[in-house]
Amino acid sequence: MRVAITNIGKIVTGDLGAPFAAGDGILMEDGRITLVGTLSSESTSACDVVVDAAGTTAIPGLIDSHVHITFGDYTPRQRVVGFLESYLHGGTTTCITASEVHVPGRPKHAAGVKALALAARACFLDYRPGGMRVHAGSVILEPGVTEHYLEELVKDGLWLAKAGFGAFKTPFDYAPLMQAAKRLGMVTTMHTGGSSIPGSSGIWAEHVLASNPTVSFHVNGGPVAMPEAGFARLVNESDIALQLCTAGNLRTALLTAKLLDEAGEPERLLIATDTPTGSGIMPLGILYTMAHLASLTEMTAEQAICAASGNNANVYRLDSGFLKAGHAADIVLLDAPDGGTQATALTAIKHGDIAAIGAVVSAGIPRFVGRSRNTPATTRKARIARSNVIQDFASAQ
């Protein structure tokens with residue numbers, strides 16, 4: 001399918017180094033962005049679908065790098081069906097598992113741990129609930145898991161490893177396996193903060209530094225934050241990506257953002273939700289955290305968007321997260337909420353408002369155009385200008 005978006009008011013690329021792109025159009029074909037800039041009449045006339053953005057702001061589809069996936073579009077933690085499809089209406093087009101720890105009866109022996117991770121990954125390879133891309137399958141490190149097990153998992157395509165819920169005597173005991181996983185090319189993640197489920201323990205800065213994961217999960221608390229001195233240690237003594245989650249501690253999220261800004265390393269800041277958990281389902285969680293960071297710190301709205309898109313994409317080595325030719329065609333049209341005090345999506349975010357969503361495109365397919373069922377209405381009204389496809393894109397299902 002060839003799709004064009006025209007009449008865009010501003011294009012936010014997701015790239016901290018060059019957060020804006022010139023032009024007012026985006027061209028997509030077969031799930032990829034082929035052009036960002038000014039579109040010719042010839043290129044749009046050859047499209048199957050043309051979306052008139054009506055002056056709204058285009059951003060990359062948001063990436064939630066901390067979602068508790070189980071199987072299917074269902075969370076047993078909150079007994080909710082359809083939460084992933086609902087998150088898409090919050091602008092999230094990609095979810096990354098935080099491990100399948102919420103699967104009822106989760107196995108904890110080595111063979112079961114391996115089987116669970118591989119099964120979860122396989123179930124989402126071709127399944128996109130509501131158009132959501134899901135990267136599932138993160139091996140939960142437990143006693144009995146060996147480097148040989150990790151090698152076999154990598155050969156089978158698994159690339160995520162999680163520390164934090166294993167039955168180790170102390171969090172320091174994760175370090176050898178975490179380092180082995182990293183040597184094998186896996187993206188390694190580590191629970192950070194107080195214990196979040198029965199049987200787990202608090203993991204603080206000294207434990208994280210010993211394991212040196214790729215990502216410190218919910219560094220601001222999941223939901224309880226670590227001791228205060230640990231934040232400066234993680235910023236100044238490592239290059240670990242620091243993930244801020246909606247379900248965590250807001251004060252320590254602001255502290256972490258400030259410390260990374262002072263260190264000149266904003267690319268290490270990742271935005272995620274850490275849901276579904278006891279905190280519930282948060283379809284607009286990333287939008288809230290973007291607004292909190294932009295309105296309560298010196299962070300710009302476009303930097304907050306990058307932290308929820310391109311920064312995640314870089315750390316997790318994804319082909320999405322950027323509005324650039326060659327990248328996955330995951331696009332969200334944002335605007336100031338109707339009836340608010342601000343004129344654009346970016347000024348609304350900086351003001352602390354939830355941006356309104358007028359359209360979501362994932363894998364090059366418009367999932368809805370007109371209004372998200374979860375955000376306020378947009379001030380400007382994106383619409384389908386032309387379509388040769390028999391599908392009601394304008395209806396928010």
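You will find alanine 54 in the loop between strand E6 (49–52) and strand E7 (57–60).

Two notes on what you are looking at. This is a predicted model, where local features need pLDDT of at least 70 and side-chain atom pairs count only at pLDDT 80 or more, while totals for chains, interfaces and linings use all residues. Residues are numbered from 1 along each chain as its sequence is written, and side-chain values use heavy atoms, with hydrogens and water left out. As for names, helices (H or I, at least four residues) and strands (E, at least two) are DSSP runs numbered from the N terminus.

Asparagine 212 has a positive phi of about 50° and is not a glycine. Asparagine 212 sits in the loop between helix H6 (205–211) and E16, and it counts as partly exposed at 31% relative accessibility.

While we are on the backbone, which peptide bonds are cis? One of them runs from glycine 222 to proline 223, with omega near 0°. Proline 223 belongs to the loop between strand E16 (215–217) and H7. Another cis bond goes from threonine 275 to proline 276, with omega near -10°, and proline 276 lies in the loop between strand E18 (269–272) and H9.

In helix H7 (residues 229–236), the buried residues include Gly230, Phe231, Leu234 and Val235. Down the axis of H7, its buried residues fall within an arc of 135°, so they line one face of the helix; the arc is that of the directions from the helix axis to the C-beta atoms. Turned away from that buried side are the exposed residues Ala229 and Asn236.

Helix H9 (residues 285–296) has 12 residues and reaches 16 Å from its first C-alpha to its last, close to the 16 Å expected at 1.5 Å a residue. That expected span is 1.5 Å times one less than the number of residues. The buried residues of H9 are Gly285, Ile286, Leu287, Thr289, Met290, Ala291, Leu293 and Ala294.

On to the strands. Strands of a sheet pair through backbone hydrogen bonds, either parallel or antiparallel. Here, two strands pair if DSSP finds at least two bridges between them. Strand E20 (residues 356–362) and E21 pair in the antiparallel sense over four bridges, and valine 360 has phenylalanine 368 in E21 as its bridge partner.

Is strand E8 enclosed or open? Six of the six residues of E8 (residues 62–67) are buried, so it is largely enclosed by the rest of the structure. E8 and strand E11 (residues 92–97) run parallel, joined by four bridges, and valine 67 stands opposite threonine 97 in E11.

On a 1 Å grid over the protein atoms alone, a cavity is a set of points where a 1.4 Å probe fits but cannot get out, and a pocket is an open set with protein on both sides within 12 Å along at least five of seven lines; lining residues have an atom within 4 Å of a point. Grid points are joined across faces, edges and corners, and a volume is the space filled by probe spheres set on the points.

The count comes to one cavity of 30 Å³ or more. The largest cavity holds about 40 Å³ of space. Among the residues lining it are Glu100, Arg106 and Ser138.

The second largest pocket holds about 220 Å³. Its lining includes Leu16, Lys258, Asp261 and Gln303. H8 gives the most to that lining, with four residues.

How values were computed
Buried means under 20% relative accessible area, exposed over 50%, partly exposed in between (1.4 Å probe, protein chains only).
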